[in-house]
Amino acid sequence: KNIINFVDNHYNKFYIIIICIIIGMDLPEVIKATNEVVDWFTLGLYLRLTYEELETIEKNYPGDIKRCRQKMLNSWISSGNATWSALRNVLRKMNEGAVADKIEEMYLTK
């Protein structure tokens, strides 16, 4: 049973790394770029994560905004729908223009 859990955990991490390479988004970079966003729950809803998934994250890390944001972003990237432009657009909808501008400047303007 321990070996199965080990393989499952490492397979999931490998899968996330592959997705990050394919879509060009690195989880630490996304976390860094969104560090100023306090309302991680609303951000997750805009990024089309389910309410139930976000509630589970909140329940697992009560009061830990940073950790909740990290887990939410990890789930979003794992969905395969993550792009810098989608993140920028959602942040603009949330009136997080300064963060959206920073993402555009750092990751979308080449």
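**Exercise 1. Is Glu-55 buried, partly exposed or exposed, and what is its relative accessible area?**

Solution. Start with the ground rules: this is a predicted model, in which local features need pLDDT of at least 70 and side-chain atom pairs count only at pLDDT 80 or more, while totals for chains, interfaces and linings use all residues. Residues are numbered from 1 along each chain as its sequence is written, and side-chain values use heavy atoms, with hydrogens and water left out.

Step 1: recall the classes. Buried means under 20% relative accessible area, exposed over 50%, and partly exposed in between (1.4 Å probe, protein chains only).

Step 2: Glu-55 has a relative accessible area of 38%, so it is partly exposed.

Step 3: find its element. Glu-55 belongs to helix α4, residues 51-60 (helices are DSSP runs of H or I with at least four residues, numbered from the N terminus).

**Exercise 2. Work out which parts of the chain the salt bridge between Lys-102 and Glu-36 ties together.**

Solution. Step 1: check the distance. The closest N and O atoms of Lys-102 and Glu-36 are 3.5 Å apart, and a salt bridge asks for a side-chain nitrogen of Lys or Arg within 4 Å of a carboxyl oxygen of Asp or Glu.

Step 1: locate both ends. Lys-102 sits in helix α7 (residues 97-108) and Glu-36 in the loop between α2 (27-33) and α3 (40-46), so the pair ties together parts that are 66 residues apart in sequence.

Step 2: compare the surroundings. Lys-102 is partly exposed at 26% relative accessibility, whereas Glu-36 is exposed at 52%.

**Exercise 3. Trace the salt bridges that involve Arg-92.**

Solution. Step 1: list the partners. Arg-92 meets Asp-101 at 2.8 Å, N to O, and Arg-92 also meets Glu-104 at 2.8 Å, N to O.

Step 1: Glu-104 is in helix α7 and Arg-92 in helix α6, so their bridge ties together parts 12 residues apart in sequence.

Step 2: widen the view. Arg-88, Arg-92, Asp-101 and Glu-104 are linked in a network of salt bridges, and a search of the whole structure finds four salt bridges.

**Exercise 4. Which residues of α7 are buried, and what do they pack against?**

Solution. Step 1: name them. Val-99, Ala-100, Ile-103 and Tyr-107 are buried in α7.

Step 1: look down the axis. These buried residues fall within an arc of 100° (taken from the directions from the helix axis to the C-beta atoms), so they line one face of the helix.

Step 2: turn to the other side. Ala-98 and Glu-105 are exposed on the face of α7 turned away from its buried side.

Step 3: find the neighbours. The buried residues of α7 pack against α2 and α6, where contact means heavy atoms within 4.5 Å.

How values were computed
Helix = DSSP H or I, 4+ residues; strand = E, 2+ residues; numbered from the N terminus.
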